[in-house]
Amino acid sequence: MLPCRHRVRPWFLTLSLWSWQETVKAVFLDRVNIVSEYDTMVRSPSFEIRLPSVVSLKTYVKPALYPAFTRFNVFLRDRFSCQYCGDKHDLTFDHVVPRARGGMTKWENVLTACAPCNLKKGSQSLHAAGMKPMQPAYRPTVFELHRNGRLFPPNYLHESWMDYLYWDTELEE
Ligand SMILES: [Zn+2]
């Protein structure tokens, strides 16, 4: 969910640079106005709200330099393409250093990979698998994700990634 202070092109609002938890927190701290909502309800024992899809900031907040570590943002960093072969279908996540070898789930160790490449690499190291990613796994800035978001046509990302509760949940580090 992208906070906006000015009118921006509609498709751009759908980019999820905040995790949905961050957005709900901002609503409860009264830091944002809700511009529009999804149909999905967020519930806890004491409250129930519709998940905001677009919010505007009530006061100026220094923009975060780094985006939330979510599935959506990892795919956006990698431009929704396999980092080993460039395929854009059947995408999954690859741990560069396999979890079985102590590899962590973090920006610097997770790459977008198509299922066949993920299967081929298995729990081997890059060297053992003879595979080389197009770019190393790294923590992107918000600016870089905005730039990548502009590569996609209007509404492309929104319609393709409807399961925001899944996609915008912060990954465990
Ligand atoms: Zn691939």
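## Burial and basis of the model

A residue counts as buried if 20 or more other C-beta atoms lie within 10 Å of its own, as exposed if 12 or fewer do, and as partly exposed in between, with C-beta atoms placed from the backbone. With 16 C-beta neighbours inside 10 Å, Arg79 is therefore partly exposed.

The model is predicted: local features need pLDDT of at least 70, side-chain atom pairs count only at pLDDT 80 or more, and totals for chains, interfaces and linings use all residues. Residue numbers start from 1 along each chain, as its sequence is written.

## Overall fold

The protein has 8 helices and 5 strands. Both are DSSP runs numbered from the N terminus: helices are H or I with at least four residues, strands are E with at least two. Along the sequence the pattern reads β-α-α-β-β-α-β-β-α-α-α-α-α.

Of the 173 residues, 24% are buried. Two residues are in contact if their C-beta atoms, placed from the backbone, lie within 7 Å. Take the contacts between residues at least 6 apart in sequence: 65% of them join residues at least 24 apart.

Helix H2 covers residues 20–28, and Trp20, Thr23 and Ala26 are buried in it. Viewed down the H2 axis, the buried residues fall within an arc of 120 degrees, so they line one face of the helix. The arc is that of the directions from the helix axis to the C-beta atoms. An α-helix has 3.6 residues a turn, so residues three or four places apart point the same way. After H2 comes Asp30, with a positive phi near 60 degrees.

Strand S2 (residues 32–43) runs antiparallel to S3, and 8 bridges join the two. Strands pair if DSSP finds at least two bridges between them. Ser36 has Val54 in S3 as its bridge partner. The hairpin from S2 to S3 passes through 4 residues.

## The loop between S3 and H3

Thr70 sits in the loop between strand S3 (48–57) and helix H3 (71–77). Is Thr70 buried or exposed? Thr70 is buried, because 23 other C-beta atoms lie within 10 Å. Its C-alpha atom is 7.0 Å from that of Ser19, 51 residues away along the chain.

Ala64 also lies in the loop between S3 and H3. Ala64 is partly exposed, because 13 other C-beta atoms lie within 10 Å.

Arg79 is in the loop between H3 and strand S4 (91–95). Its phi is positive, near 55 degrees, in a residue other than glycine.

Phe80 lies in the loop between H3 and S4. Phe80 also has a positive phi near 55 degrees. With 19 other C-beta atoms within 10 Å, Phe80 is partly exposed.

## The largest nonpolar core

A nonpolar core is a set of buried Ala, Val, Leu, Ile, Met, Phe, Trp, Tyr and Cys residues joined through C-beta atoms within 7 Å. The largest has 10 residues: Val74, Cys82, Tyr84, Leu91, Val110, Leu111, Ala113, Cys114, Cys117 and Ala137. Strand S5 (residues 110–114) gives the most to this core, with 4 residues. In soluble globular proteins, nonpolar side chains tend to be buried together.

Which residues does Cys114 contact, leaving aside neighbours within four places in sequence? They are Cys82, Cys85, Asp87, His89, Asp90 and Leu91.
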